[in-house]
Amino acid sequence: EGAIEGIVEERKKEPFTDLYQFCRRVDLRKTNKRVLESLIRAGALDGLNSTRASMMAVLPSAIKLADQDSRNQAAGIDDLFGFEGDSLAQSATEIPPLPEWDDDTRLGGEKETLGLYLTGHPIDRHLDELGQFISTRIAKIRPEKGRSITIAGLITAIRTMNTKRGDKIAFITLDDKSARVEIALFTEAYAQFGAMLAKDRLVVVEGEASIDDYSGTNRMQANYVTDIDGARERYAKKLALKLTHASGAEELAKLRSTIEPYREGITPIQIEYQNRGATAYLNLGDEWHVRPAEQLIQRLQHTLGEENVRLDYGKSESI
């Protein structure tokens, strides 16, 4: 609280312009490195015209320079590094323009420091793909006896307990940004899928929904749970890749080396090859069926381009 009060009072005098100036103007005895790291991860310093990745990279040097400047002023001597007056405010050019953290790192930092996601939700980048195989969003669940539904979301809470027989069961809370629902994994389901449960993990759940007589809200009993990689393998019809006449031997060798570690899966690969005069589709043999893991998809997108890699869930025949 003391650190924040000091920051607010200093900001009233004049807006902060960059991380170096910020460190120079705040009381580093209260606003220490740990506090500054939390402010960066929370997004509180996003207005300083640098990415969170860049600010975290230069934070040690910014603190060192600010501390040196403070000691020099206290001793009544000129800054040994040549910084005088507000010259540290001009040091933003020394901050390397690093790319922003990926979504997982950025949102994870917000959740760790704030207890919530501020600039997005981890499920956002998967929503289009999840829509290919879930049957409903959580907010639109309509319980119907005997009907199985498929939903997806982040696990926000896990509660386990033992039954009178000594069997373990679990209750998880799933959040898909539209709403939350509690899901029960009874003895058999927990024995089979309990290892899949982890806080903040994105999972896909199949089961039957019902109304909780006590609270009047929806609840669900799971009979199948998997993560995003398992869902892709369960629901995807094929992995579609687009190549053009410009793809040479080197690119093809790189494509082969990218795919090889993920062979022995069940998802077939179809290649769409285009040259100036025609388009052809090539279905690779069974020995090239893959596990469509997130890492494989990302590596293929890096190699071929994001627009040339697509998991096909049966709604279209080509890219």
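Trainee: Phe133 and Tyr235: buried or exposed?

Mentor: Both Phe133 and Tyr235 are buried. Buried means under 20% relative accessible area, exposed over 50%, and partly exposed in between, with a 1.4 Å probe and protein chains only. This is a predicted model, where local features need pLDDT of at least 70, side-chain atom pairs count only at pLDDT 80 or more, and totals for chains, interfaces and linings use all residues. Residues are numbered from 1 along each chain as its sequence is written, and side-chain values use heavy atoms, with hydrogens and water left out.

Trainee: How many aromatic pairs does the structure hold?

Mentor: It holds 5. Rings of Phe, Tyr and Trp (its six-membered ring) pair if their centres lie within 6.5 Å; planes under 30 degrees apart count as stacked, over 60 as edge-to-face, the rest as tilted. Phe133 and Tyr235 are stacked, at 4.9 Å centre to centre with 5° between the planes.

Trainee: And why is the pair of Phe133 and Tyr313 tilted?

Mentor: Their planes are at 50°, so the pair is tilted; the ring centres are 5.3 Å apart. Tyr313 counts as buried because its relative accessibility is 9%.

Trainee: Which residues do ring pairs link into a cluster?

Mentor: Phe133, Tyr235 and Tyr313.

Trainee: New topic. What sits over the ring of Trp288?

Mentor: The charged end of Arg263, 4.0 Å from the ring centre. The rule: NZ of Lys or CZ of Arg is within 6 Å of the ring centre and within 35 degrees of the ring normal.

Trainee: Which residue lies over the face of Tyr224?

Mentor: Arg234, at 3.8 Å from the ring centre.
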